[in-house]
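Subject: The two-chain model, with notes

Hello,

Here is the structure I promised to pass on. Have a look at it first, and then read my notes below.

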Amino acid sequence: MTRRGRALLRVGSLAGAALVWIVVDSRSEPWELGRDVALLRGTGWLACAALLLSLVMSPLGRLHGWWILHRGQGSSQRTVVGSWAAYRRAFGVVAGCGAALHAAVALSTYLWTSWRALLEVPYLRSGTVALWLLLALLVTSFRGPVVAMGLVGWKSLHRLAYVAAALVLHHLLLAPFAPRGLTLVVFGLTAVVAPLRWLRARRVPPR
Amino acid sequence: MRRVSKRTRVPVQVQTLALGLVLWSLHPVPEWWALVFAYGVAWVVMQWGRGRALRFESEAARWAVTAAVLLAPLAILWRWGPDFRKAEGLVGLGTHLEDRRRLEADPAIAPPAVWTDRPQTFYVRARGAASLEMELGKEGPVLRGTEIGPGLFLVGYDPAVDGRPPGQGAELDVAVSADGNRSRRRLRRFDPAPHPRWFCQSPELGLAAAPSEETDALILVHRDGTMSHVETDDGPVDCAFFEVDGQARLVVSHRYATHLLVLDLDLVEVGRLELGPFQGRLAVDPSGQSLAVGLGGSDPRIALLGAAGAGRLEVVGRIRLDGVPEWITFGRDANELVVSDRLERSLLHFQRVDLDWTASESLRLGRPAVALTRSHGGDRIFVATTDYRPDGKAHRGNHFIQDQILTVDVEAWSVTGQFMTARRTERQQFPGGLDAGVSPMGLAHRADGSMLVSFAGSEEVWQINDDFRGPPRVFDLETTELIAPHGVADLGDGVWAASSPAGGAVAVFRGSERIAFHGVAQSDKELASASQSADDLAAQALSLRRGERAFYEASRSGMSCQSCHLHGESDASSHDIGQAPLLPTLTVRGLVGTSPYLRDGSFPRIRDLHHGLAEPLMRGYRRFAASRPEDLERFVESLPRRLHPEHLRWLRTRSASDPLVDRWRRGAPLFERASCSTCHPAPAFTHLGSHPVRALFPEYGEQMPAWVQLDTPSLLGLGDKGHWLQDGRAHSLEEVLVEENRSNRHGDTAALEPSELETLARFLEVL
């Protein structure tokens with residue numbers, strides 16, 4: 001199995017376990033709407049966490065690479081950065097799937113009679129746009145579709161992950177159940193870590 | 001091959017962004033999706049062009065072209081910034097986040113404000129704590145909480161008993177100690193200025209008096225323009241000149257103190273009479289033999305008092321009522337009493353036969369009485385109101401207000417005269433604007449058949465004939481310090497007085513000549529010079545004064561905030577405010593720290609109502625005031641929720657064995673079991689979020705568009721309402737829990753037994 005495949009398997013397994021816990025936890029709620037809300041919150045935070053983790057993988061990889069270089073282990077730098085990139089993709093895939101699941105849960109429970117609200121209510125609209133972006137990024141995260149479509153501007157497309165994160169922040173800051181304190185903390189941490197991607201290490205010497 | 005420097009290249013990413021912005025600016029839609037869509041189209045175009053970077057001969061050319069391409073779209077984006085903020089719900093987001101985070105942090109306090117003029121209660125949530133103390137300011141009053149549920153405490157504060165917090169800041173540092181663990185919180189502090197409001201008058205004695213409920217004082221003005229004042233007990237509400245055993249006395253009722261205060265005309269206390277708290281208006285019968293006192297609280301009634309000898313007063317009769325009496329006055333004699341009921345929007349007529357008082361049919365007005373007075377002979381009652389709908393049906397006109405004075409013939413018990421007051425003068429610059437006769441607030445009938453009417457909205461006093469014939473004689477107060485006048489009194493011999501609660505002043509006039517002005521509060525100039533910073537009490541007092549004036553001030557449409565929110569309360573009426581069903585007016589008391597506002601949570605800040613409603617819908621104001629939105633917001637935030645009678649009783653003892661605590665301890669677990677706390681968590685009993693109506697009320701929501709949102713209201717003060725839910729469709733809390741929750745999505749009330757629902761409803765009543 002490739003490094004990317006292994007990363008996807010690990011992150012997917014972790015997300016699956018989290019999903020099982022979310023479902024079990026929500027089933028313990030005695031009230032129907034309470035169950036819906038628990039499921040919504042769980043899937044939403046799962047997707048959000050995966051998205052933010054995917055955004056910080058590259059910066060953390062750079063940091064890790066810089067640290068290795070600093071310690072004079074330049075030869076392993078490429079491997080390390082590549083591993084982090086594999087996890088970035090894996091978390092991105094989980095974010096896209098999680099967002100789709102979150103939307104499906106919302107539309108089939110809490111919003112089941114209010115689909116139009118997706119277009120009219122700002123935080124739902126942001127969530128919807130973020131979902132479409134993440135789905136686009138999900139599809140173009142695999143080599144097959146990218147080759148089939150002959151994409152050349154992959155980078156400028158995948159930079160939309162930052163736009164998706166901003167939309168998710170907007171979604172959370174206005175959503176009724178999202179804790180604002182936690183939201184600001186996790187996005188604040190991401191904002192602190194994200195600039196590390198510009199951390200310039202010396203060029204990795206060729207193997 | 002010539003190598004092109006990186007510096008002369010425009011990267012694909014920048015080209016995509018620029019093209020996206022250009023595309024968006026061709027048809028700007030101020031929403032995120034439109035920007036993302038434009039970027040997407042730009043990306044596809046770049047794909048088509050195989051994503052080649054543009055190259056220039058020089059770096060200067062690269063910069064010049066990039067700037068030229070981006071300049072116009074960025075300018076358009078900047079211009080659409082406010083629309084973006086509005087469309088995406090970003091206006092006032094900071095306020096909302098602040099309120100939300102304050103409630104999420106532990107310990108959390110609600111309401112987030114301290115009033116130093118009245119008793120009040122706080123809910124404090126400190127998860128896992130078994131004991132709690134709050135210290136208001138450094139070395140300020142220390143308040144001990146009573147546990148009323150797991151990690152939830154009720155904290156009482158009575159400035160008259162506990163003392164005032166130290167300092168001069170408009171924000172108060174509060175130390176919360178939960179099981180000995182100290183945390184610091186900040187509360188808003190409101191130190192109200194003197195507010196002489198309604199007068200009681202004795203033209204024969206040439207005297208009028210006005211209590212200042214906020215500062216526990218009574219101001220007495222004399223016909224010659226002199227003034228004296230005296231401290232009263234807690235929360236003086238009204239006063240009356242009453243003769244006791246041949247001696248002229250001044251009787252003062254109180255909201256929080258439990259007794260009536262009896263003073264001689266030198267303002268020396270000569271007696272007291274225990275009546276319990278929540279005393280209201282006073283009325284003296286035409287013969288001067290009996291005094292009627294309106295009593296609110298949990299047992300609304302009217303107490304009739306008479307002289308008991310030796311200069312004392314005693315209760316000689318009682319009339320039980322269904323609702324809290326607001327204005328009361330005697331009719332033609334001591335056997336006839338008229339009472340106004342705000343919630344029922346009607347007048348009640350009581351007659352005494354032998355010793356029993358019987359009520360005749362109530363006289364429906366359709367809107368509550370804003371002010372009420374009797375004619376000298378008592379055969380007529382004059383009522384100021386905002387509309388007259390004898391059929392009881394709501395007027396379907398959008399934001400319909402028609403200020404008027406009604407004449408009620410007491411014998412016929414019907415409205416016999418109607419005088420529309422609001423009108424336009426030459427001062428108006430725009431079509432349809434109204435600027436005179438707006439918000440009649442005080443009425444005083446004179447022996448010569450004329451009547452004085454004060455107008456808080458247009459800041460004037462009129463002298464009119466009581467048959468409403470002839471033009472009014474207008475005394476313009478706008479340029480005086482007597483802003484938003486309320487009370488008006490006849491001092492005899494053509495002398496009259498008017499009061500300004502907002503300005504903290506009383507003035508005496510002989511005809512149109514002002515013969516005396518008494519500022520009982522600090523003037524604007526004094527406050528401005530006393531203010532050291534924007535956050536101190538003096539600066540706040542000035543802002544509150546301007547805000548109070550704005551609250552009562554008439555917009556060009558002839559409406560003010562006061563028109564529907566009577567002194568911050570609801571007018572108990574339904575209005576067309578631009579939505580399909582008529583909606584009952586909400587109280588604006590107790591709103592501090594509960595952003596967003598309005599039923600759909602569409603206004604994160606109160607100040608935005610000025611730009612969102614007052615300017616476009618009410619056509620703005622004639623008087624320029626740069627800080628009106630901020631001042632108005634501050635004033636509305638300074639309006640505390642009414643203290644529940646049960647809370648006041650508990651506050652007196654703060655005992656854990658009080659029935660209120662017992663009610664709490666029985667109700668709180670049911671509140672949790674019914675999952676009410678999912679959306680209404682303590683301590684504010686709201687999570688400050690909005691939900692699609694259909695998500696909570698599927699059957700009711702079918703009548704309205706799918707996108708209509710419902711703001712989660714705070715449940716504090718829930719028992720004060722006469723109707724519940726968004727459109728007031730529930731007439732009791734049981735209805736809210738059962739009939740209006742058939743789908744069981746507004747709380748899991750199906751999980752409760754009928755007796756438990758009853759317990760839960762009683763618990764909700766006392767929040």
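What share of the 767 residues in chain B is buried? Buried residues make up 50% of chain B, where a residue is buried if 20 or more other C-beta atoms lie within 10 Å of its own, exposed if 12 or fewer, and partly exposed in between, with C-beta atoms placed from the backbone.

Some housekeeping before the rest. This is a predicted model, in which local features need pLDDT of at least 70 and side-chain atom pairs count only at pLDDT 80 or more, while totals for chains, interfaces and linings use all residues. Residues are numbered from 1 along each chain as its sequence is written, and chains are lettered from A and ligands numbered from 1 in the order in which they are written.

Chain B overall

Chain B contains 17 helices and 44 strands; helices (H or I, at least four residues) and strands (E, at least two) are DSSP runs, numbered from the N terminus. Its radius of gyration is 30 Å, close to the 27 Å that the globule rule gives for 767 residues, so chain B is as compact as a globular protein of that length. That radius is taken over C-alpha atoms, and the globule rule is 2.2 Å times the number of residues to the power 0.38. Along the principal axes, the C-alpha atoms of chain B fill a box of roughly 120 × 65 × 55 Å. Of the contacts in chain B with a separation of 6 or more, 54% are between residues 24 or more positions apart; two residues are in contact if their C-beta atoms, placed from the backbone, lie within 7 Å.

Chain A overall

Chain A has 9 helices and 0 strands. The radius of gyration here is 19 Å, close to the 17 Å that the globule rule gives for 207 residues, so chain A is as compact as a globular protein of that length. Its C-alpha trace spans about 60 × 35 × 30 Å along the principal axes, and 42% of its 207 residues count as buried. In chain A, residues 24 or more positions apart account for 75% of the contacts with a separation of 6 or more.

Do look at α2(A). This helix has 39 residues and reaches 55 Å from its first C-alpha to its last, close to the 57 Å expected at 1.5 Å a residue (the expected span is 1.5 Å times one less than the number of residues). A kink of about 35° lies at A:M57, shortly before the proline A:P59; the bend at a residue is the angle between axes fitted to the seven residues ending there and the seven starting there. After α2(A) comes A:G72, with a positive phi near 80°.

Where the chains meet

How many residues of each chain take part in the contact between A and B? On chain A there are 37, and they are in contact with 40 residues of chain B. Several helices of chain A each supply at least two residues of that side, including α2 (32-70), α5 (122-139) and α8 (160-174). The most comes from α5(A), with 6 residues. By class, this side of chain A has 23 nonpolar, 8 polar and 6 charged residues, with Ala, Val, Leu, Ile, Met, Phe, Trp, Tyr, Cys and Pro counted as nonpolar, Asp, Glu, Lys and Arg as charged, and the others, Gly among them, as polar.

Local details in chain B

Most residues other than glycine have a negative phi, and most peptide bonds are trans. Against that background, a few places are worth a look:

- B:A110 and B:P111 are joined by a cis peptide bond, omega about -5°, and B:P111 lies in the loop between β3 (108-110) and β4 (113-115).
- Another cis peptide bond joins B:S595 and B:P596, with omega about 5°.
- B:R619 is not a glycine, yet its phi is positive, near 65°; with 18 C-beta neighbours inside 10 Å, B:R619 counts as partly exposed.
- B:L688 also has a positive phi, about 60°, without being a glycine, and counts as buried, with 26 C-beta neighbours inside 10 Å.

Enjoy exploring the model!

Best wishes
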